[in-house]
Amino acid sequence: MANVTIKAKENGPLLVEVDGNIVSKLCRCGASESKPKCDGTHAKIGFKAESSEIKIG
Ligand code: FES
């Protein structure tokens, strides 16, 4: 079974990692023009949020 981790980066997107490899970066600031993917807009709008992570499997 693959090891899946979802990491919320400080002031940034949700990183989906499978077996230690980032497979997707998902927007959590709501401003991306490429939802659900992060396009880097969070940095331009000054998005602030704490980091956290969960492991699945
Ligand atoms: S988190 Fe990066 S654009 Fe929203």
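Start by selecting Lys7 and Glu17: they form a salt bridge, with 3.5 Å between the closest N and O atoms. The term stands for a side-chain nitrogen of Lys or Arg within 4 Å of a carboxyl oxygen of Asp or Glu. Since Lys7 belongs to strand β1 and Glu17 to strand β2, the pair ties together parts that are 10 residues apart in sequence. (Strands are DSSP E runs of at least two residues, numbered from the N terminus.)

A word on the model: it is predicted, so local features need pLDDT of at least 70 and side-chain atom pairs pLDDT 80 or more, while totals for chains, interfaces and linings use all residues. Residues are numbered from 1 along each chain as its sequence is written, and side-chain values use heavy atoms, leaving out hydrogens and water.

Now colour by accessibility (buried is under 20% relative accessible area, exposed over 50%, partly exposed in between, with a 1.4 Å probe and protein chains only). Glu17 is buried at 11%, whereas Lys7 is partly exposed at 27%.

Next, show residues 4–8 (β1) and 14–18 (β2), which pair in the antiparallel sense over five bridges; DSSP must find at least two for strands to pair. Glu17 is also the bridge partner of Thr5.

Zoom out to the open sheet: its four strands run β3-β2-β1-β4, with antiparallel pairing. β3 (21–26) and β4 (52–56) each have a single partner strand, so one side of each lacks a neighbour in the sheet.

Last stop: select Lys55 and Glu53, whose salt bridge has its closest N and O atoms 3.3 Å apart. Lys55 is exposed at 63%, and Glu53 partly exposed at 42%.
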